[in-house]
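Please keep the sequence and the model side by side while reading, as the paragraphs below move from one part of the chain to another.

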Amino acid sequence: MPHNFLLHLSELSAEPLQGQIVRQIRAAILTGALSDGEVIPSIRALARDVKVSVITVQRAYAALEAEGIIRSRRGKGFYVKSVSAPDRQRLSLERLEEGLTPVIQAAVAEGLSSTAIRRAFIRILETTKRVKQMSSVAR
């Protein structure tokens, strides 16, 4: 992983540390911040750098390997696997659907209409796009 690529883990997050590692490395790969063939830190090195257990990193890497976005070479380490643009899009959509499904199910169970859910989604999307635009202008 490039030296300028840092994981930001929080013990205070509701998301487990393993999930934070998976999410952040996946995002770096899907956005192209990490490219095909790029070496990522060894399990021990990453565990030491982000101050988590080796088992936590091992499980995170196993999940990323199962998703098909990293590969291991025995004795050589872990590498970013080539992910085509359509596959990156598909993986991103799958993650989005996985995250939205329980939220939408809860909203429906609480009596919100499809129209109200769509409006809320669009409002959140528009706010997110504005924040992203403002942060890219500030750089």
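A residue is called buried when its relative accessible area is under 20%, exposed when that area is over 50%, and partly exposed in between, with a 1.4 Å probe and protein chains only. This is a predicted model, in which local features need pLDDT of at least 70 and side-chain atom pairs count only at pLDDT 80 or more, while totals for chains, interfaces and linings use all residues. Residues are numbered from 1 along each chain as its sequence is written, and side-chain values use heavy atoms, with hydrogens and water left out.

Helix 1 covers residues 17-30 and contains glutamine 20; helices here are DSSP runs of H or I with at least four residues, and strands are runs of E with at least two, numbered from the N terminus. Because its relative accessibility is 2%, glutamine 20 counts as buried. Leaving aside residues up to four places away in sequence, glutamine 20 touches His8, Leu9, Ser10, Ser13 and Glu15, where contact means heavy atoms within 4.5 Å. A polar atom of the glutamine 20 side chain lies 2.8 Å from the backbone nitrogen of serine 10.

Side chains of opposite charge can pair when their charged atoms come close. Seven salt bridges are found in a search of the whole structure, a salt bridge being a side-chain nitrogen of Lys or Arg within 4 Å of a carboxyl oxygen of Asp or Glu. One of them joins arginine 23 to glutamate 15, at 2.8 Å from N to O; arginine 23 is partly exposed at 39% relative accessibility, and glutamate 15 is partly exposed at 24%. Another salt bridge pairs glutamate 67 with arginine 26, with the closest N and O atoms 2.7 Å apart. Glutamate 67 lies in the loop between helix 3 (54-66) and strand 2 (70-73), whereas arginine 26 is in helix 1, so this pair ties together parts that are 41 residues apart in sequence. Arginine 26 counts as buried at 6% relative accessibility, while glutamate 67, at 25%, is partly exposed.

In helix 4, glutamate 94 and arginine 90 are four residues apart, about one turn of the helix, and they form a salt bridge whose closest N and O atoms are 2.9 Å apart. Asp87, Arg90 and Glu94 are linked in a network of salt bridges. Helix 4 also has a kink of about 30° at leucine 100, shortly before proline 102, the bend at a residue being the angle between axes fitted to the seven residues ending there and the seven starting there. After helix 4 comes glycine 111, with a positive phi near 90°.

Technical notes. A polar contact is a pair of N or O atoms within 3.5 Å; within protein, one must be able to donate a hydrogen and the other to accept it, and residues adjacent in sequence count only if both atoms are side-chain atoms.
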